Amino acid sequence: MAWEMWLGVAAVTISAVALTVALAVWSQQRRRRRLDPPLAVAEALAEDVGQLIAFVANPSKPAVAHLERTVRRVCAEADLPEPLWLETTIEDPGVGQTREALARGADVVVAVGGDGTVRAVAEAMVGTGRPMGLIPLGTGNLLARNLDLPIADPDEALRIVVAGADRVIDVGWARVLEFAEPDGAARETARTGAPGRDAAGDGVVVDALDADPAADGTGVDGTGVDGAAADAPPEPDTQTEHIFLVIAGLGFDAAMVADADATLKARVGWVAYFVAGIRHLHGRRLRATIQLDDTPPVDAKLRTLLIGNCGKLPGGITLLPDAVLDDGILDIAAIDTRGGVVGWAQLFGDVVMQGFGVRNDLPAKIGRIDHARARRVRVRVEGGEQAQVDGDLLGRAVELEAWVEPGGLVVRTA
């Protein structure tokens, strides 16, 4: 029976040790719970803090001063942190302010202004994974239209910024590979500069030569890409890649943007671009060489070449009916007319009808739109023509390249 006694003693001893250990662990956990909240509580507290929203605003827009007060009130009522409010300048139309906001921990960065401000904010937001919001206050408000955001209701746009959903979209990039001298002669880019970013990821890196991104000082936003003064001389830049979210163009459309009167834009909005376009109805047709992806180049005569990420424009016009913001493809439209005003009238009718899903594919038309799709486009025109990205001028380009960056940007939508 001695061994049974010893077995009982061992069992009691082991139980005592286990109880002691259990009490020690329980005591330690109790002490830790007093010092630190449980994970679920910590996550709840983090959610209660809410998202930090930064607003990058163009102060030249009349509504901005009032909107700042509204923004601060709405964020307070939604129990969100005090928002960051950063204003653009002539020297920096929004890229630097956006990077500052991200460095300060902003969860969402909102472009408050027109298309120039949107482009600048988007340039800094690409690849960050954080959403960009929009409060459109410009003339064209191109991206906002294509995202079906409210154009004339800043308060509703602010509500979407605070409580909307996020969507991943593509972005386009463009480079001027060759720039026209003022006398029309071509000037090639130097191939010795630092390579620019190859957003398409295919290893092709080409240096760019770029005019002042806003040679007339005003883009669709009224400030241009860099807020340059009117008629600023073009400055060569062999490295810059220009983001576009809606449409890049070469030819008639860019000339129309270049000649739009700033005073008229302030009075009648986007209609000023159509008024400017009348002056170019009898302009020369372009002799262009176009290459899509790796296909052989083709020669064409046209009035304008449009390269789009999406296709809605002001006035209910849809230039690129097949363009989708998140399909990883650029949509190209080669537009040509002959026969003067009659050709333009037929072309305008075709544009209106294709917005309703009806296309006129009859041959031998005097006004026509030829559609194509590609991930990369290169176009060369004799003598050089005005080029633009989302309404901001790049200058007179002889050769232009554009490509798509699929899923490059997150946007806040309804």
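Me: Which two strands form a hairpin with 5 residues between them?
Reply: That's β9 and β10. Keep in mind that this is a predicted model. In the turn, Asp293 has a positive phi of about 50 degrees.

Me: In which sense do β9 and β10 pair, and over how many bridges?
Reply: Antiparallel, over 5 bridges. β9 covers residues 286-292, and β10 covers residues 298-302.

Me: Which residue in β10 does Ala288 stand opposite?
Reply: Ala300.

Me: OK, switching to helix α7. Which residues there are buried?
Reply: Ala157, Leu158, Ile160 and Val161 are buried in α7, which runs over residues 154-163.

Me: Why are they on the same side of α7?
Reply: Because they cover an arc of only 155 degrees around the axis. As background, an α-helix has 3.6 residues a turn, so residues three or four places apart point the same way.

Me: And what do those buried residues pack against?
Reply: Two of the partners are the strands β1 (53-57) and β3 (108-113). The others are helix α3 (64-77) plus β4 (131-136) and β17 (392-413).

Me: New topic: the largest nonpolar core. Which residues touch the most other members?
Reply: Val109, Met132, Leu134, Leu143, Leu245 and Leu409, out of 43 residues in that core. Helix α5 (residues 115-125) gives the largest share, 4 residues.

Me: What does Met132 touch, not counting residues up to four places away in sequence?
Reply: Its contacts include Val109, Val118, Val121, Ala122 and Met125. Leu143, Leu409, Val410, Val411 and Arg412 are on the list too.

Me: How many residues are in the other core, apart from that one?
Reply: 26 residues, among them Leu302, Val377, Val379 and Leu400.

Methods
Residues numbered from 1 in each chain as written. Predicted model: local features only at pLDDT ≥ 70, side-chain atom pairs only at ≥ 80, totals over all residues. Heavy atoms only, no water. Pairing = 2+ DSSP bridges. Buried < 20%, exposed > 50% of the residue type's maximum accessible area, 1.4 Å probe, protein only. Arc of directions from axis to C-beta. Contact = heavy atoms within 4.5 Å. Core = buried A, V, L, I, M, F, W, Y, C linked by side-chain atoms within 4.5 Å.
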